[in-house]
Amino acid sequence: MPITISGGGEGEFQILLDRQSALDIGAFVVDGVDISPGIAVPSDGDRRIDHALQGFFFTCGPDHIRHPEPIEGDAEGRIFPLHGSLCATPVGQTRMAEADEAPGCLAETVVQLAGGGTARISRRWSINPDTSEVMLADRFTNTGNRPFAPMLMYHMNIGGWLMGEQTRISGTMFSEETRPWRFGEGESAHFCLPAAASARDGWASVTLGPFEALSGRSLTVRFCTVTLPNLQMWRCQRGSANVISIEPVSHRIAKRTELAADGEMPLLEAGESIDYALVFQIG
């Protein structure tokens, strides 16, 4: 059974947390409308990712974030799995927030890394009772006996049928301009932009909307650029697929070898931790 947390403010909403996938979000229901894409997603042939993409929110990493690449120094020629090792890892321990805490849920999950070793994700979902913002705080700790290079990307998937002719993308990384939600050419497109330089007090923001199906409301996402310095976005309207995704991410689009050569793959030593944070709101 999923875990449900609810919020009020401008439009009632419910979030269904997925115990089978590290406490990612399976559904985000606003005024009775689930804005996640459901089965209207393309398949990459990986059942873990097919399941995750159907939900509103899933986490790539912590050892890899994009398409498979060889594991460095692996004599057997193995590769990192699509979008990393965490996806489809069942959550370990969970508890609901105490009475004196903001409404939400806390969880601990241990993930087996593709290159060996383990990492623990300490995750906290909470809702700000004053603003109805949904807040995520993640801490990844290297619980293995050797270092690894942490990578992370959060996918926030929205059904394309919610969009209309007036739906635009705006954010701190775009300056004063806005972009159409159906950016790029063809049936599928993506981009990745640096977000840290234009962040305000270390936080970048991006807004997608208005949504015709939600009475003109929009989705705003803010993320801490200390460890998520880039914004990636992806859309796909191919066949039955109809999805657009907001993706705060730790690394620009490049091969692991190139990132390492440029000093962009720092190691997390055994026992060390790294933190990530974001918030989102419908309003």
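Contact is taken here to mean heavy atoms within 4.5 Å. The structure described is a predicted model. On this basis, and leaving aside neighbours within four places in sequence, H155 is in contact with F56, F57, F58, C60, H83, S245, I246 and E247. H155 is found in strand β10, which spans residues 153-159. With a relative accessible area of 4%, H155 falls under the 20% limit and is therefore buried. The side chain of H155 is joined to that of E247 by a polar contact of 2.8 Å.

Strands β5 and β10 pair in the antiparallel sense, over four bridges. Within this pairing, F58 has H155 as its bridge partner in β10. In a regular strand, side chains alternate between the two faces of the sheet.

Aromatic rings were examined next. The count of aromatic pairs comes to ten. One of them is formed by F28 and F56, whose rings are tilted, with 5.0 Å centre to centre and 55° between the planes. This pair links distant parts of the chain: F28 lies in strand β3 (residues 24-30), while F56 lies in the loop between α1 (47-54) and β5, 28 residues apart. F28 has a relative accessible area of 1%, under the 20% limit, and is therefore buried.

Because W125 lies in strand β8 (residues 118-127) and F280 in strand β18 (residues 273-282), the pair ties together parts that are 155 residues apart in sequence. Both W125 and F280 are buried. Ring pairs link these residues into a cluster that consists of F13, F28, F56, F57, W125, Y154 and F280.

R179 lies over the face of F191, at 5.1 Å from the ring centre. In the case of W203, R222 lies over the face of the ring, at 5.3 Å from its centre.

How values were computed: Residues numbered from 1 in each chain as written. Predicted model: local features only at pLDDT ≥ 70, side-chain atom pairs only at ≥ 80, totals over all residues. Heavy atoms only, no water. Pairing = 2+ DSSP bridges. Helix = DSSP H or I, 4+ residues; strand = E, 2+ residues; numbered from the N terminus. Phe/Tyr/Trp six-rings, centres within 6.5 Å; stacked < 30°, edge-to-face > 60°. Buried < 20%, exposed > 50% of the residue type's maximum accessible area, 1.4 Å probe, protein only. Lys NZ or Arg CZ within 6 Å of the ring centre and 35° of its normal. Polar contact = N/O pair within 3.5 Å; in protein donor to acceptor, adjacent residues only side chain to side chain.
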